[in-house]
Amino acid sequence: MKEHASIFNDVLGPVMIGPSSSHTAASVRIGRALRQMVVGKIIYFQADFDPEGSLAASYITQCSDIGLVGGLLGMDPTDNRLTRALEIAEADGMEIVFRVIPYENNHPNTYKMTVKTDLGEELDVTALSVGGGMIEITEINHFAVEVTGGFYETLLFGESLTLSETDLEDKIDKFCSAVVKEQAGKTMLHIKTQQEISEIEIAWLNKQMKVERFIAFDPILPIMSQKEPKMLFSTAEEMIALAKEENLDLADMALRYESHRGSISEEEVYKKAEVILEIMENGIQIGLTGTSYEDRMLGSQAPKIRANRDRLIGDALPAKIIENISALMEVKSSMNVFVAAPTAGSCGALPGTLIAVSDYQKKSHDELVRALLAAGMIGVFIAEYATFAAEVAGCQAECGSGSGMTAGALVQLMGGTIEEAVNAASMGLQNVFGMTCDPIGVRVEVPCLGKNMMCGMNALGAANMALAGYDVVIPLDETIESFNKVGRMIPASLRCTGHAGLAQTPSGLAIAERLGCPLDCC
């Protein structure tokens, strides 16, 4: 069933620590789902990565290893114990094996995993990290499944099932969907619901099927999915037409969209955006005081802007944008809490630029919250029709997407119309086609910091162009479609593998070796 993108699931989040949303936060979510699939104590965990994918090179440097194991231990993406997850698990008797071995897969961020418990349970699970911390579990014990974390999931494995979906809908409260699959003489029944299945319902299911294994786990996303909701609009063009009927702006449409998508009130949507904004603002303050972390490439850079202000070009605004973006990127790289918006690797551009402009223009708290929501609405269209994963479409998918979102948010902040905001987003995206992802040492520091700054400045330019009435030429829907196609044409070696670009310069290789990334991984 189609699960539409959510502002807080897919775009403004996750709230996390660690260098990468695709690797750290996503792996925590995968680990937490695995933990819920078994009853006993986990005594063995194995994860395999295909050498042709992105994870083979980055699972250590971008913390997929600690994320997976931290999730197995019940940690969430903000837990400051994540850096010690391997040590904690091994001390508790868990055997942990990571292997790089060839296998067939259709996504560069594929995890093939095996879990064993002290009760004799054994699970083989395949999962994907699809960008921005979002995940998809695609296989459980060799049965194909579709699990993205927005529902309560109940799976029964056995034989002799004769139930219809109508039977299940009549008997299971808050029922959303059911899938039955047959394989090698065995049956899997996979039920999605909006609340945990009760003991009475479980007992009834056990009478309808000879059950050999029962698995149930809870949602892992902040906004729950619904049973095939009819969306208010599917494209930016449809959104603009609807908004013009009632003279609404982009923030208004964001509130309506997320309220409808998540079956929550607009007030709840607004309050969630306020919480996100507060974390972003706190991150800037933490970064400006100067951060330290032993295992990183760059030392504290953000305080250098203020220390050398008299030498910098332009007035206070560009300097403040650079300072804010630097602060947020350093909070990320020092394992402090931040918001991946839309990803960890691009976490600086949107909040750093938006908050700097808001301060410079003396905008109100409400105007800033609404601008953040406007950015989320632009991000929904990118999540729906393109990707936020650099492993799939290069850095244009991460920093580039953040730039388009920021451009739209800046127009909203300045009181622009919905057409102007959408046009700004389109122009911002048009300027970043083909941006590669070539991180040195497969770490999210260089050139990620500079690309965040570039995309912040690009957003400022695109917003001013839209506010001045420049012709957008290509509307946002068409831009996103082309944006997606171009990103997927970028060679795999330039999509977060460390196999080309700056990562393969003599200096880049020397830094990687010094940081403990073996040269054959880069």
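**Cysteines and an open sheet in a predicted model**

Author: Taking a disulfide to be a pair of cysteine sulfur atoms within 2.5 Å, the count here comes to zero disulfides. This is a predicted model, in which local features need pLDDT of at least 70, side-chain atom pairs count only at pLDDT 80 or more, and totals for chains, interfaces and linings use all residues. Residues are numbered from 1 along each chain as its sequence is written, and side-chain values use heavy atoms, with hydrogens and water left out.

Reader: Is Cys399 buried or exposed?

Author: Buried means under 20% relative accessible area, exposed over 50%, and partly exposed in between, with a 1.4 Å probe and protein chains only. Cys399 is buried at 1%, and Cys437 is buried at 9%.

Reader: In what order do the four strands of the open sheet lie?

Author: Strands are DSSP runs (E, at least two residues), numbered from the N terminus, and two of them pair if DSSP finds at least two bridges between them. Here the order is β9-β10-β8-β11, with antiparallel pairing, and the edge strands, β9 (175–183) and β11 (210–217), each pair on one side only.

Reader: How many bridges join strand β8 to strand β10?

Author: Seven bridges join β8 (residues 152–159) to β10 (residues 186–193), and these strands run antiparallel; Phe157 has Met188 in β10 as its bridge partner.
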